[in-house]
Amino acid sequence: MSDPGRLLALQRAAAAAPPDLRQRRKAIGRLIALLHESGDRLHAAISADFGNRAYPETVLAELLPTLAAARHAHRHLASWMRPRRRQVALPFRPGRAWVMRQPLGCVGIVSPWNYPLFLSVGPLVDALAAGNRVLLKPSELTPHFADLLARLLAERFDPAEVAVVQGGPEVARAFCALPFDHLLFTGSTGVGRAVMQAAAANLTPVTLELGGKSPAIVAPDADIVRTAHSLMVGKLFNAGQTCVAPDYVLVPEDRLHRFAQALLVEAARLYPRVTDNPDYSCIISDRHSARLREAVAAAAAAGATVLRHPDHADEAGAADRSGRLVPTLLLSPPPDCALMTEEIFGPVLPVLAYRSLDAAIAFVAARPRPLALYCYTDDRRVERAVLARTMSGGATVNGTILHCAQPDLPFGGVGASGMGAYHGEAGFQRFSHTRSVYRPGRFSGFTTMTPPHGVMTRRLLPLMLGRRPGALPLDPAKGSPLETAL
Ligand code: NAD
(Lines give C-alpha, C1' and ligand atoms only; values in the text may rest on other atoms or scores of the structure.)
Protein backbone atom coordinates (compact mmCIF):
# COMPACT_ATOMS: atom_id res chain seq x y z
CA MET A 1 0.00 0.00 0.00
CA SER A 2 1.48 3.40 -0.90
CA ASP A 3 -1.48 5.78 -0.69
CA PRO A 4 -0.55 8.19 2.13
CA GLY A 5 -4.17 8.80 3.16
CA ARG A 6 -4.85 5.08 3.58
CA LEU A 7 -1.54 4.57 5.40
CA LEU A 8 -2.46 7.33 7.82
CA ALA A 9 -5.89 5.76 8.42
CA LEU A 10 -4.17 2.43 9.13
CA GLN A 11 -1.74 4.07 11.56
CA ARG A 12 -4.48 6.11 13.22
CA ALA A 13 -6.46 2.95 13.97
CA ALA A 14 -3.34 1.31 15.42
CA ALA A 15 -2.48 4.38 17.51
CA ALA A 16 -5.38 3.60 19.84
CA ALA A 17 -2.99 1.19 21.61
CA PRO A 18 0.10 3.23 22.53
CA PRO A 19 3.36 1.25 22.90
CA ASP A 20 4.93 0.78 26.34
CA LEU A 21 8.59 1.27 27.22
CA ARG A 22 9.60 -2.24 26.12
CA GLN A 23 7.93 -1.90 22.72
CA ARG A 24 9.46 1.51 22.11
CA ARG A 25 12.94 0.30 23.00
CA LYS A 26 12.45 -2.66 20.66
CA ALA A 27 11.51 -0.30 17.82
CA ILE A 28 14.62 1.82 18.44
CA GLY A 29 16.68 -1.38 18.63
CA ARG A 30 15.43 -2.33 15.17
CA LEU A 31 16.64 1.02 13.83
CA ILE A 32 20.04 0.47 15.45
CA ALA A 33 20.26 -2.96 13.79
CA LEU A 34 19.23 -1.45 10.43
CA LEU A 35 22.01 1.13 10.64
CA HIS A 36 24.60 -1.48 11.63
CA GLU A 37 23.61 -3.99 8.98
CA SER A 38 22.95 -1.64 6.07
CA GLY A 39 25.30 1.32 6.61
CA ASP A 40 27.38 0.54 3.51
CA ARG A 41 24.32 0.03 1.30
CA LEU A 42 22.85 3.29 2.54
CA HIS A 43 26.11 5.07 1.75
CA ALA A 44 26.20 3.54 -1.74
CA ALA A 45 22.64 4.71 -2.42
CA ILE A 46 23.35 8.25 -1.20
CA SER A 47 26.55 8.38 -3.25
CA ALA A 48 24.65 7.23 -6.35
CA ASP A 49 22.19 10.08 -5.79
CA PHE A 50 24.95 12.69 -5.40
CA GLY A 51 27.24 11.38 -8.15
CA ASN A 52 29.84 11.13 -5.41
CA ARG A 53 29.31 11.51 -1.66
CA ALA A 54 32.57 11.18 0.29
CA TYR A 55 32.35 8.00 2.39
CA PRO A 56 33.75 9.61 5.60
CA GLU A 57 31.12 12.34 5.27
CA THR A 58 28.29 9.79 5.20
CA VAL A 59 29.76 8.02 8.22
CA LEU A 60 30.51 11.19 10.22
CA ALA A 61 27.40 13.20 9.41
CA GLU A 62 24.75 10.53 8.84
CA LEU A 63 25.48 7.09 10.28
CA LEU A 64 27.30 8.07 13.48
CA PRO A 65 24.95 10.86 14.65
CA THR A 66 21.86 8.77 13.80
CA LEU A 67 23.28 5.81 15.71
CA ALA A 68 24.24 8.11 18.60
CA ALA A 69 20.69 9.52 18.68
CA ALA A 70 19.17 6.02 18.70
CA ARG A 71 21.50 4.78 21.46
CA HIS A 72 20.91 7.93 23.52
CA ALA A 73 17.13 7.50 23.28
CA HIS A 74 17.39 3.77 24.07
CA ARG A 75 19.44 4.53 27.19
CA HIS A 76 17.38 7.45 28.54
CA LEU A 77 13.86 6.56 27.45
CA ALA A 78 12.77 5.08 30.79
CA SER A 79 13.65 8.29 32.62
CA TRP A 80 12.11 10.52 29.91
CA MET A 81 8.81 8.58 30.13
CA ARG A 82 8.54 8.76 33.90
CA PRO A 83 5.74 11.07 35.13
CA ARG A 84 7.16 14.18 36.84
CA ARG A 85 5.71 15.51 40.08
CA ARG A 86 4.78 19.21 40.20
CA GLN A 87 4.04 21.52 43.13
CA VAL A 88 0.49 21.76 44.44
CA ALA A 89 -0.58 25.34 45.31
CA LEU A 90 -1.43 25.87 48.99
CA PRO A 91 -5.26 26.10 48.72
CA PHE A 92 -5.35 22.80 46.81
CA ARG A 93 -3.40 20.78 49.37
CA PRO A 94 -3.44 18.03 50.27
CA GLY A 95 -3.33 16.75 46.70
CA ARG A 96 -0.97 15.59 44.03
CA ALA A 97 -0.03 17.16 40.67
CA TRP A 98 2.08 15.67 37.94
CA VAL A 99 2.77 15.75 34.22
CA MET A 100 2.78 12.69 32.04
CA ARG A 101 4.04 12.38 28.45
CA GLN A 102 1.72 10.76 25.96
CA PRO A 103 2.36 9.91 22.30
CA LEU A 104 0.78 12.50 20.02
CA GLY A 105 -0.41 9.71 17.71
CA CYS A 106 0.57 9.90 14.03
CA VAL A 107 3.55 11.99 12.97
CA GLY A 108 4.53 13.03 9.43
CA ILE A 109 8.19 13.68 8.59
CA VAL A 110 9.26 15.43 5.37
CA SER A 111 13.00 15.42 4.75
CA PRO A 112 15.47 17.06 2.34
CA TRP A 113 18.26 15.58 0.20
CA ASN A 114 21.44 17.00 1.73
CA TYR A 115 21.73 14.54 4.66
CA PRO A 116 18.92 12.19 3.66
CA LEU A 117 19.58 9.57 6.35
CA PHE A 118 20.26 11.76 9.39
CA LEU A 119 17.35 14.08 8.62
CA SER A 120 14.81 11.27 8.15
CA VAL A 121 15.85 8.50 10.54
CA GLY A 122 17.04 11.06 13.15
CA PRO A 123 13.52 12.49 13.73
CA LEU A 124 12.09 8.97 13.29
CA VAL A 125 14.08 7.87 16.37
CA ASP A 126 12.60 10.71 18.44
CA ALA A 127 9.05 10.12 17.19
CA LEU A 128 9.24 6.37 17.93
CA ALA A 129 10.79 7.05 21.35
CA ALA A 130 7.73 9.19 22.10
CA GLY A 131 5.50 6.25 21.08
CA ASN A 132 4.12 7.53 17.78
CA ARG A 133 3.31 6.01 14.40
CA VAL A 134 5.29 7.64 11.58
CA LEU A 135 4.90 8.35 7.88
CA LEU A 136 8.11 9.52 6.23
CA LYS A 137 8.45 11.44 2.94
CA PRO A 138 12.10 11.64 1.80
CA SER A 139 13.29 14.00 -0.94
CA GLU A 140 12.75 13.14 -4.59
CA LEU A 141 16.34 14.30 -5.27
CA THR A 142 17.70 11.20 -3.48
CA PRO A 143 15.59 8.44 -5.13
CA HIS A 144 18.09 5.58 -4.62
CA PHE A 145 18.26 6.35 -0.92
CA ALA A 146 14.47 6.77 -0.58
CA ASP A 147 13.84 3.45 -2.29
CA LEU A 148 16.37 1.58 -0.15
CA LEU A 149 15.13 3.16 3.09
CA ALA A 150 11.55 2.22 2.21
CA ARG A 151 12.60 -1.42 1.69
CA LEU A 152 14.75 -1.59 4.82
CA LEU A 153 12.02 -0.12 7.03
CA ALA A 154 9.36 -2.37 5.48
CA GLU A 155 11.50 -5.41 6.42
CA ARG A 156 11.50 -4.35 10.08
CA PHE A 157 8.27 -2.43 10.70
CA ASP A 158 4.61 -3.04 10.06
CA PRO A 159 3.18 -0.19 7.90
CA ALA A 160 0.84 0.54 10.80
CA GLU A 161 3.99 1.56 12.73
CA VAL A 162 6.34 3.14 10.16
CA ALA A 163 5.96 3.60 6.40
CA VAL A 164 7.71 5.56 3.65
CA VAL A 165 5.87 7.59 1.01
CA GLN A 166 7.88 8.48 -2.10
CA GLY A 167 7.37 11.23 -4.64
CA GLY A 168 8.05 14.81 -5.66
CA PRO A 169 6.46 18.15 -4.79
CA GLU A 170 2.93 17.02 -5.80
CA VAL A 171 3.05 14.05 -3.43
CA ALA A 172 4.70 16.25 -0.79
CA ARG A 173 1.90 18.82 -1.02
CA ALA A 174 -0.78 16.14 -0.60
CA PHE A 175 1.23 14.59 2.24
CA CYS A 176 1.40 17.88 4.18
CA ALA A 177 -2.37 18.34 3.78
CA LEU A 178 -3.06 15.12 5.77
CA PRO A 179 -4.42 15.53 9.30
CA PHE A 180 -1.30 14.39 11.19
CA ASP A 181 -1.00 14.95 14.93
CA HIS A 182 2.37 16.59 14.25
CA LEU A 183 4.34 17.40 11.13
CA LEU A 184 8.11 17.84 11.11
CA PHE A 185 9.41 19.45 7.94
CA THR A 186 13.07 19.95 7.10
CA GLY A 187 13.76 21.99 3.98
CA SER A 188 13.86 25.48 2.55
CA THR A 189 12.19 28.51 4.14
CA GLY A 190 9.91 29.10 1.12
CA VAL A 191 8.52 25.56 1.12
CA GLY A 192 8.29 25.73 4.94
CA ARG A 193 5.74 28.56 4.57
CA ALA A 194 3.57 26.41 2.27
CA VAL A 195 3.85 23.47 4.68
CA MET A 196 2.68 25.59 7.61
CA GLN A 197 -0.27 26.88 5.60
CA ALA A 198 -1.31 23.35 4.62
CA ALA A 199 -0.99 22.16 8.22
CA ALA A 200 -3.01 25.10 9.53
CA ALA A 201 -6.12 23.81 7.75
CA ASN A 202 -6.02 20.74 10.03
CA LEU A 203 -4.67 22.59 13.09
CA THR A 204 -1.69 20.24 12.82
CA PRO A 205 1.20 21.57 14.89
CA VAL A 206 4.45 21.88 12.94
CA THR A 207 8.15 21.77 13.61
CA LEU A 208 9.93 23.63 10.81
CA GLU A 209 13.63 22.96 10.38
CA LEU A 210 14.57 25.52 7.74
CA GLY A 211 17.71 27.09 6.33
CA GLY A 212 19.15 30.56 6.19
CA LYS A 213 22.44 32.41 6.04
CA SER A 214 24.58 31.31 8.97
CA PRO A 215 27.32 33.89 9.60
CA ALA A 216 30.81 33.44 11.02
CA ILE A 217 32.26 36.37 12.95
CA VAL A 218 36.05 36.33 13.20
CA ALA A 219 37.09 38.53 16.14
CA PRO A 220 40.29 40.61 15.94
CA ASP A 221 42.08 38.27 18.38
CA ALA A 222 41.35 35.06 16.40
CA ASP A 223 44.29 33.05 15.07
CA ILE A 224 44.17 33.41 11.28
CA VAL A 225 45.45 29.97 10.23
CA ARG A 226 43.48 27.99 12.82
CA THR A 227 40.29 29.91 12.03
CA ALA A 228 40.72 29.57 8.26
CA HIS A 229 41.25 25.82 8.64
CA SER A 230 38.16 25.38 10.82
CA LEU A 231 35.97 27.50 8.55
CA MET A 232 37.02 25.66 5.40
CA VAL A 233 36.44 22.26 7.02
CA GLY A 234 32.87 23.36 7.87
CA LYS A 235 32.24 25.11 4.57
CA LEU A 236 33.51 22.38 2.24
CA PHE A 237 32.01 19.42 4.10
CA ASN A 238 29.47 17.88 1.69
CA ALA A 239 30.64 20.60 -0.75
CA GLY A 240 28.88 23.27 1.29
CA GLN A 241 25.46 21.56 1.06
CA THR A 242 24.87 21.72 4.80
CA CYS A 243 22.06 23.68 6.44
CA VAL A 244 24.45 24.88 9.17
CA ALA A 245 27.48 25.52 6.91
CA PRO A 246 29.02 28.96 7.44
CA ASP A 247 27.31 30.98 4.72
CA TYR A 248 29.47 34.12 4.87
CA VAL A 249 32.31 35.36 7.04
CA LEU A 250 32.94 38.75 8.65
CA VAL A 251 36.60 39.67 9.16
CA PRO A 252 38.35 42.79 10.61
CA GLU A 253 39.11 45.02 7.62
CA ASP A 254 42.86 45.20 8.29
CA ARG A 255 43.07 41.39 8.06
CA LEU A 256 40.77 40.83 5.05
CA HIS A 257 43.39 39.94 2.45
CA ARG A 258 45.60 37.86 4.75
CA PHE A 259 42.55 35.99 5.90
CA ALA A 260 41.30 35.35 2.35
CA GLN A 261 44.72 33.97 1.38
CA ALA A 262 44.69 31.68 4.43
CA LEU A 263 41.22 30.40 3.43
CA LEU A 264 42.45 29.55 -0.09
CA VAL A 265 45.54 27.76 1.25
CA GLU A 266 43.38 25.70 3.62
CA ALA A 267 40.91 24.81 0.85
CA ALA A 268 43.78 23.48 -1.27
CA ARG A 269 45.31 21.64 1.68
CA LEU A 270 42.00 19.88 2.45
CA TYR A 271 41.26 19.11 -1.21
CA PRO A 272 44.45 19.25 -3.30
CA ARG A 273 42.40 18.12 -6.30
CA VAL A 274 38.69 18.59 -6.93
CA THR A 275 37.75 16.86 -10.18
CA ASP A 276 38.29 13.22 -9.26
CA ASN A 277 38.79 13.51 -5.50
CA PRO A 278 36.67 10.86 -3.73
CA ASP A 279 36.80 12.98 -0.53
CA TYR A 280 35.04 15.88 -2.25
CA SER A 281 31.28 15.50 -2.71
CA CYS A 282 29.37 16.43 -5.87
CA ILE A 283 26.68 19.07 -6.15
CA ILE A 284 23.34 17.26 -5.98
CA SER A 285 21.99 18.31 -9.41
CA ASP A 286 22.85 20.27 -12.56
CA ARG A 287 20.19 22.80 -11.57
CA HIS A 288 21.95 23.54 -8.27
CA SER A 289 25.39 23.72 -10.02
CA ALA A 290 23.99 26.21 -12.53
CA ARG A 291 22.37 28.25 -9.73
CA LEU A 292 25.71 28.54 -7.91
CA ARG A 293 27.73 29.40 -11.04
CA GLU A 294 25.21 32.07 -12.01
CA ALA A 295 25.23 33.58 -8.51
CA VAL A 296 29.06 33.85 -8.56
CA ALA A 297 28.99 35.42 -12.05
CA ALA A 298 26.34 37.94 -10.98
CA ALA A 299 28.34 38.96 -7.86
CA ALA A 300 31.50 39.32 -9.98
CA ALA A 301 29.62 41.46 -12.52
CA ALA A 302 28.43 43.64 -9.61
CA GLY A 303 32.04 44.30 -8.53
CA ALA A 304 33.00 41.49 -6.12
CA THR A 305 36.47 39.97 -6.43
CA VAL A 306 36.39 36.22 -7.16
CA LEU A 307 39.27 34.21 -5.65
CA ARG A 308 40.23 30.57 -6.19
CA HIS A 309 43.39 28.74 -5.27
CA PRO A 310 45.57 28.54 -8.44
CA ASP A 311 45.45 24.70 -8.38
CA HIS A 312 41.65 24.77 -8.17
CA ALA A 313 41.25 27.54 -10.77
CA ASP A 314 43.02 25.31 -13.32
CA GLU A 315 40.47 22.60 -12.65
CA ALA A 316 37.29 24.67 -12.90
CA GLY A 317 36.05 23.30 -16.26
CA ALA A 318 36.87 19.65 -15.55
CA ALA A 319 35.39 19.94 -12.05
CA ASP A 320 32.11 21.18 -13.53
CA ARG A 321 31.94 18.18 -15.85
CA SER A 322 32.51 15.84 -12.89
CA GLY A 323 29.54 17.34 -11.03
CA ARG A 324 31.81 19.17 -8.55
CA LEU A 325 32.37 22.88 -8.02
CA VAL A 326 35.76 24.33 -7.08
CA PRO A 327 35.92 26.18 -3.72
CA THR A 328 35.39 29.87 -4.42
CA LEU A 329 35.73 33.03 -2.31
CA LEU A 330 34.04 36.34 -3.04
CA LEU A 331 35.55 39.44 -1.48
CA SER A 332 33.05 42.12 -0.46
CA PRO A 333 30.06 41.18 -2.65
CA PRO A 334 27.34 43.87 -2.79
CA PRO A 335 24.58 43.34 -0.21
CA ASP A 336 21.81 43.01 -2.81
CA CYS A 337 23.34 40.20 -4.91
CA ALA A 338 21.87 36.66 -4.66
CA LEU A 339 24.91 35.41 -2.75
CA MET A 340 24.14 37.88 0.04
CA THR A 341 20.34 37.62 0.02
CA GLU A 342 19.80 33.87 -0.45
CA GLU A 343 21.22 30.82 1.29
CA ILE A 344 24.27 29.68 -0.72
CA PHE A 345 24.28 25.91 -0.08
CA GLY A 346 27.49 25.25 -2.01
CA PRO A 347 31.30 25.68 -1.78
CA VAL A 348 31.15 29.46 -2.26
CA LEU A 349 32.10 31.77 0.61
CA PRO A 350 31.61 35.55 0.68
CA VAL A 351 34.22 37.29 2.85
CA LEU A 352 33.22 40.72 4.17
CA ALA A 353 35.29 43.29 6.06
CA TYR A 354 34.08 45.04 9.22
CA ARG A 355 35.41 48.16 10.96
CA SER A 356 34.42 47.32 14.54
CA LEU A 357 33.01 44.30 16.31
CA ASP A 358 29.87 46.36 17.06
CA ALA A 359 29.41 46.88 13.32
CA ALA A 360 29.78 43.13 12.66
CA ILE A 361 27.22 42.30 15.35
CA ALA A 362 24.83 44.95 13.99
CA PHE A 363 25.21 43.52 10.45
CA VAL A 364 24.15 40.07 11.66
CA ALA A 365 21.39 41.34 13.96
CA ALA A 366 19.81 43.38 11.14
CA ARG A 367 19.23 40.24 9.03
CA PRO A 368 16.75 37.34 9.37
CA ARG A 369 17.64 35.05 12.26
CA PRO A 370 19.92 32.28 10.97
CA LEU A 371 20.02 28.59 11.83
CA ALA A 372 23.58 28.79 13.19
CA LEU A 373 26.19 31.36 14.13
CA TYR A 374 29.94 30.91 14.52
CA CYS A 375 32.23 33.11 16.51
CA TYR A 376 36.01 32.82 16.56
CA THR A 377 37.68 34.33 19.62
CA ASP A 378 39.55 33.35 22.76
CA ASP A 379 38.23 36.45 24.56
CA ARG A 380 35.26 35.48 26.73
CA ARG A 381 33.93 39.07 26.77
CA VAL A 382 33.77 39.05 22.96
CA GLU A 383 32.13 35.62 23.00
CA ARG A 384 29.52 36.84 25.50
CA ALA A 385 28.82 40.02 23.51
CA VAL A 386 28.34 38.14 20.23
CA LEU A 387 26.10 35.49 21.80
CA ALA A 388 24.03 38.03 23.77
CA ARG A 389 23.47 40.54 20.97
CA THR A 390 22.70 38.16 18.09
CA MET A 391 20.20 35.32 17.79
CA SER A 392 20.39 32.05 15.86
CA GLY A 393 19.01 28.53 16.23
CA GLY A 394 22.34 27.32 17.65
CA ALA A 395 25.97 28.34 17.81
CA THR A 396 29.48 26.90 17.99
CA VAL A 397 32.36 28.95 19.37
CA ASN A 398 35.73 28.40 17.68
CA GLY A 399 34.34 25.81 15.32
CA THR A 400 31.46 25.10 12.97
CA ILE A 401 28.51 22.67 12.81
CA LEU A 402 29.43 20.59 15.87
CA HIS A 403 26.71 21.94 18.18
CA CYS A 404 24.26 19.92 16.01
CA ALA A 405 26.06 16.66 16.76
CA GLN A 406 25.48 16.83 20.54
CA PRO A 407 22.61 14.45 21.37
CA ASP A 408 21.82 16.35 24.56
CA LEU A 409 21.49 19.78 22.87
CA PRO A 410 18.12 20.71 21.31
CA PHE A 411 18.47 21.43 17.58
CA GLY A 412 16.23 23.87 15.76
CA GLY A 413 15.88 27.29 14.18
CA VAL A 414 14.33 30.58 15.20
CA GLY A 415 12.41 33.12 13.11
CA ALA A 416 13.11 32.57 9.41
CA SER A 417 15.29 29.53 10.16
CA GLY A 418 12.43 27.58 11.72
CA MET A 419 10.45 26.81 14.84
CA GLY A 420 10.59 24.03 17.39
CA ALA A 421 13.57 21.85 18.22
CA TYR A 422 14.30 18.14 18.47
CA HIS A 423 17.22 15.74 19.20
CA GLY A 424 17.49 13.80 22.46
CA GLU A 425 15.01 14.62 25.21
CA ALA A 426 13.91 17.75 23.31
CA GLY A 427 12.87 15.44 20.45
CA PHE A 428 11.02 13.11 22.81
CA GLN A 429 9.14 16.09 24.23
CA ARG A 430 8.46 17.54 20.77
CA PHE A 431 6.58 14.40 19.74
CA SER A 432 4.81 13.94 23.09
CA HIS A 433 1.78 15.61 24.62
CA THR A 434 2.54 16.92 28.09
CA ARG A 435 -0.61 16.14 30.00
CA SER A 436 -1.23 17.85 33.33
CA VAL A 437 -3.00 15.80 36.01
CA TYR A 438 -4.27 16.85 39.47
CA ARG A 439 -5.70 14.52 42.07
CA PRO A 440 -7.08 16.28 45.21
CA GLY A 441 -6.89 14.68 48.63
CA ARG A 442 -10.23 13.75 50.08
CA PHE A 443 -10.39 16.90 52.26
CA SER A 444 -8.42 19.60 50.45
CA GLY A 445 -9.16 23.22 51.43
CA PHE A 446 -10.66 24.21 48.11
CA THR A 447 -13.10 21.30 47.90
CA THR A 448 -14.61 22.27 51.29
CA MET A 449 -15.68 25.72 50.02
CA THR A 450 -18.84 24.73 48.23
CA PRO A 451 -22.29 26.33 48.58
CA PRO A 452 -24.12 26.88 50.78
CA HIS A 453 -21.23 28.99 52.09
CA GLY A 454 -20.79 29.07 55.79
CA VAL A 455 -18.18 29.52 58.41
CA MET A 456 -15.54 27.43 56.64
CA THR A 457 -15.63 29.71 53.59
CA ARG A 458 -15.55 32.81 55.84
CA ARG A 459 -12.40 31.50 57.50
CA LEU A 460 -10.61 30.31 54.40
CA LEU A 461 -11.26 33.05 51.81
CA PRO A 462 -9.49 35.85 53.73
CA LEU A 463 -6.55 33.49 54.30
CA MET A 464 -6.36 32.79 50.58
CA LEU A 465 -6.30 36.54 49.93
CA GLY A 466 -3.60 37.02 52.54
CA ARG A 467 -5.90 38.92 54.95
CA ARG A 468 -6.54 38.27 58.60
CA PRO A 469 -9.26 35.69 59.39
CA GLY A 470 -12.77 37.09 59.57
CA ALA A 471 -11.90 40.28 57.65
CA LEU A 472 -14.28 39.36 54.86
CA PRO A 473 -17.90 39.43 56.01
CA LEU A 474 -20.19 36.76 54.65
CA ASP A 475 -23.14 38.95 53.67
CA PRO A 476 -25.55 37.34 51.19
CA ALA A 477 -27.07 40.76 50.42
CA LYS A 478 -23.75 41.87 48.87
CA GLY A 479 -23.42 38.82 46.68
CA SER A 480 -21.50 35.65 47.22
CA PRO A 481 -18.26 35.85 49.15
CA LEU A 482 -16.32 34.85 46.04
CA GLU A 483 -17.76 37.74 44.02
CA THR A 484 -17.10 40.14 46.88
CA ALA A 485 -13.59 38.89 47.23
CA LEU A 486 -12.51 38.87 43.58
P1 NAD B 1 13.05 21.71 -0.22
O2 NAD B 1 12.28 22.65 0.63
O3 NAD B 1 13.10 21.97 -1.69
O4 NAD B 1 12.47 20.21 -0.08
C5 NAD B 1 12.36 19.56 1.15
C6 NAD B 1 11.26 18.53 1.11
O7 NAD B 1 10.03 19.21 0.90
C8 NAD B 1 11.38 17.48 0.01
O9 NAD B 1 11.05 16.21 0.54
C10 NAD B 1 10.34 17.93 -1.01
O11 NAD B 1 9.77 16.85 -1.73
C12 NAD B 1 9.29 18.56 -0.14
N13 NAD B 1 8.45 19.57 -0.81
C14 NAD B 1 8.67 20.22 -1.97
N15 NAD B 1 7.65 21.06 -2.25
C16 NAD B 1 6.76 20.93 -1.24
C17 NAD B 1 5.50 21.54 -0.95
N18 NAD B 1 4.94 22.47 -1.74
N19 NAD B 1 4.86 21.17 0.19
C20 NAD B 1 5.41 20.27 1.02
N21 NAD B 1 6.60 19.67 0.79
C22 NAD B 1 7.27 19.99 -0.32
O23 NAD B 1 14.51 21.64 0.40
P24 NAD B 1 15.77 20.86 -0.13
O25 NAD B 1 16.28 21.53 -1.37
O26 NAD B 1 15.48 19.40 -0.19
O27 NAD B 1 16.78 21.09 1.08
C28 NAD B 1 17.58 22.25 1.19
C29 NAD B 1 17.01 23.21 2.21
O30 NAD B 1 16.78 22.54 3.43
C31 NAD B 1 17.98 24.32 2.54
O32 NAD B 1 17.28 25.51 2.69
C33 NAD B 1 18.56 23.89 3.87
O34 NAD B 1 19.06 24.94 4.67
C35 NAD B 1 17.38 23.25 4.50
N36 NAD B 1 17.80 22.31 5.52
C37 NAD B 1 17.50 22.58 6.81
C38 NAD B 1 17.92 21.70 7.80
C39 NAD B 1 17.60 21.94 9.25
O40 NAD B 1 17.74 20.99 10.02
N41 NAD B 1 17.17 23.10 9.65
C42 NAD B 1 18.64 20.57 7.45
C43 NAD B 1 18.92 20.34 6.12
C44 NAD B 1 18.48 21.22 5.15
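Mentor: Helices, of at least four residues in state H or I, and strands, of at least two in state E, are DSSP runs numbered from the N terminus. The model under discussion is predicted.

Trainee: In which loop does Asn238 lie?

Mentor: Most residues other than glycine have a negative phi. Asn238 has a positive value, near 55°. This residue belongs to the loop between α8 (224-236) and β9 (248-252).

Trainee: Is the peptide bond that joins Arg93 and Pro94 cis or trans?

Mentor: Pro94 is found in the loop between β1 (84-86) and β2 (95-103). Most peptide bonds are trans. With omega at about -5°, the bond joining Arg93 and Pro94 is cis.

Trainee: Which loop holds Pro452?

Mentor: The peptide bond from Pro451 to Pro452 is cis, and its omega is near -5°. Pro452 itself is in the loop between β18 (432-440) and α16 (455-464).

Trainee: How far apart are the centres of domain 1 and domain 3, taken over C-alpha atoms?

Mentor: The domain assignment gives domain 1 (4-210 + 422-435), domain 2 (215-412) and domain 3 (449-485). Between the centres of domain 1 and domain 3, taken over C-alpha atoms, the separation is 53 Å.

Trainee: Between which domains does the ligand lie, and why?

Mentor: The ligand sits in the largest pocket. Its shell receives residues from two domains, so the ligand lies between domain 1 (4-210 + 422-435) and domain 2 (215-412).

Trainee: Which element gives the most residues to the shell around the ligand?

Mentor: The elements that each supply at least two residues of this shell are α6 (169-176), β6 (182-186) and α7 (189-200). With four residues, the one that gives the most is α6.

Trainee: How many residues of the shell around the ligand are charged?

Mentor: There are 28 residues around the ligand, and those that come nearest are Lys137, Glu140, Ser188, Leu210 and Glu343. By class, the shell has 16 nonpolar and seven polar residues, and the number of charged residues is five.

Trainee: What percentage of the accessible area that the ligand has on its own does the protein cover?

Mentor: A backbone N or O atom of Gly187 is 3.3 Å from an oxygen atom of the ligand, and a polar backbone atom of Ser111 lies 2.8 Å from a ligand oxygen. In the side chain of Glu343, an N or O atom is 2.5 Å from an oxygen atom of the ligand. Of the 850 Å² of accessible area that the ligand has on its own, the protein covers 91%.

Notes. Residues numbered from 1 in each chain as written. Predicted model: local features only at pLDDT ≥ 70, side-chain atom pairs only at ≥ 80, totals over all residues. Heavy atoms only, no water. Near = heavy atom within 4 Å. Polar contact = N/O pair within 3.5 Å; in protein donor to acceptor, adjacent residues only side chain to side chain. Areas by Shrake-Rupley, 256 points an atom, 1.4 Å probe, with all protein chains shown as cover. 1 Å grid on protein atoms, 1.4 Å probe; cavity = no way out; pocket = protein on both sides within 12 Å on 5 of 7 lines; lining within 4 Å. Sits in = over half its atoms within 2 Å of the grid points. Nonpolar A, V, L, I, M, F, W, Y, C, P; charged D, E, K, R; others polar. Domains from an automatic or database assignment.
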